[in-house]
Amino acid sequence: MPESKNGKIDIDRYRVKEGEKISLKDFPTACDVKIEKAEVKERYFPETIEKLKVLQEKLYAQNTYGLIIVLQAMDAAGKDGTVNHVFASLNPGGVKVVSFKQPTSEEKDHDYMWRINKALPERGNIGIFNRSQYEDVIVTRIHDLIHQGQLPRNLIHKDIWEERYEQITNWEKYLAANGFPMFKIFLHVSKEEQQKRLMDRIFNQQKNWKFSMADMRERQYWDQYQEIYGEMISKTSKDYAPWYIVPADNKWYTRYVVSQITLQALKKIDPQFPPLAPDIAEQLEKFKKLISSVDVKSLEEIQQAIKK
């Protein structure tokens, strides 16, 4: 088990390389780095959040790039908690969180990417997808919803999932080429930990509201989900839109890793505050000289001095 120094972790250990065929069984579900929980929660995680705030402000001010973050997982893996703890401290004006639930009747009347396109962030913003376009190659496939929908039957064929993988990755490449890079995170929870969390929703009154029979029913498809997720991640992890398989059994570690991945993505964009327009820059220079030469004590005095 590698040891962390000064809170540094090699997040690329969780990244799936393009063309790499993976099995989820080979990836850890719990913290696999020697790092102190208390130090992460009290020091390293807060420090990372502060760095994210600075880069987000620059991203928003620059208004050229946008960043898209996809979160996928089994039920009770911690998607909502990750969103709340990692991104709630950022400027809400520059963060757009979208949760994709079962498609509405309106959404079913369109192509499967229609609702995803509607949810894309604007330039300067961070878009977070709680579930995503990948629902239509995971849930749809496991429950054979493709035959229950409105897609013309002559368009349903044995290679439809391969076709959708290609459609999705081409779309992600298009977005990256237009200034909207994306990274995708699979929160990898163990079957045992999921059981504990689902049971907690039943017996802990404060978490009763999270309980859903649908979550319990989906658990019976665990092996199928693991297999298809592994295939999907293998087929769709690209250099321009990579997948990260992040351990999700330890919430404190999950959130720290996600914050580090986000920090790396923003550093890669390297947003900068835009230069001031010449007239604004000239006004600021005059104001600086005014400040140094006038003993101003209030805004009113500043305004009066400028008028002179």
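Reply: R131 is buried, with a relative accessible area of 18%, where buried stands for under 20% relative accessible area, exposed for over 50% and partly exposed for what lies in between, with a 1.4 Å probe and protein chains only. This is a predicted model, in which local features need pLDDT of at least 70 and side-chain atom pairs count only at pLDDT 80 or more, while totals for chains, interfaces and linings use all residues. Residues are numbered from 1 along each chain as its sequence is written, and side-chain values use heavy atoms, with hydrogens and water left out.

The loop that holds R131 lies between strand 4 and helix 5, where helices (H or I, at least four residues) and strands (E, at least two) are DSSP runs numbered from the N terminus. Most residues other than glycine have a negative phi. R131, although not a glycine, has a positive phi of about 70°.

E135 is also placed in the loop between strand 4 (126-130) and helix 5 (139-142). With a relative accessible area of 10%, E135 is buried. Its side chain is joined to that of Q72 by a polar contact of 3.0 Å; such a contact is a pair of N or O atoms within 3.5 Å, of which, within protein, one must be able to donate a hydrogen and the other to accept it, and residues adjacent in sequence count only if both atoms are side-chain atoms. Once neighbours within four places in sequence are left aside, E135 is in contact with Q72, T140 and Y229, contact meaning heavy atoms within 4.5 Å.

A positive phi is also found at D270, a residue other than glycine with a value near 55°. D270 sits in the loop between helix 10 and helix 11 (278-293), and at 44% relative accessibility it counts as partly exposed.

Turning to helix packing, the axes of helix 2 (residues 79-87) and helix 10 (residues 251-269) come within 10 Å and cross at roughly 60°; axes are lines fitted to C-alpha atoms, for helices over the stretch in contact, with angles from 0 to 180 degrees between N-to-C directions. Helix 2 and helix 10 are therefore oblique to each other, given that angles under 35 degrees count as roughly parallel, over 145 as roughly antiparallel, 65 to 115 as roughly perpendicular and the rest as oblique. The crossing of helix 2 and helix 10 is right-handed, that is, the near helix is turned clockwise from the far one by less than a right angle. In this contact G81, T82, H85, V86 and F87 of helix 2 meet T254, R255, V258, S259 and T262 of helix 10.

Helix 6 (residues 160-177) and helix 9 (residues 222-236) have axes that come within 10 Å and cross at roughly 45°, which makes helix 6 oblique to helix 9. Their crossing is right-handed, and the contact is made by E162, Y165, T169 and E172 of helix 6 with I228, E231, M232, K235 and T236 of helix 9.

As for the chain as a whole, the protein has twelve helices and six strands, and 46% of its 308 residues count as buried. Its C-alpha atoms fill a box of roughly 75 × 50 × 40 Å along the principal axes. Among the contacts with a separation of 6 or more, residues 24 or more positions apart account for 81%.
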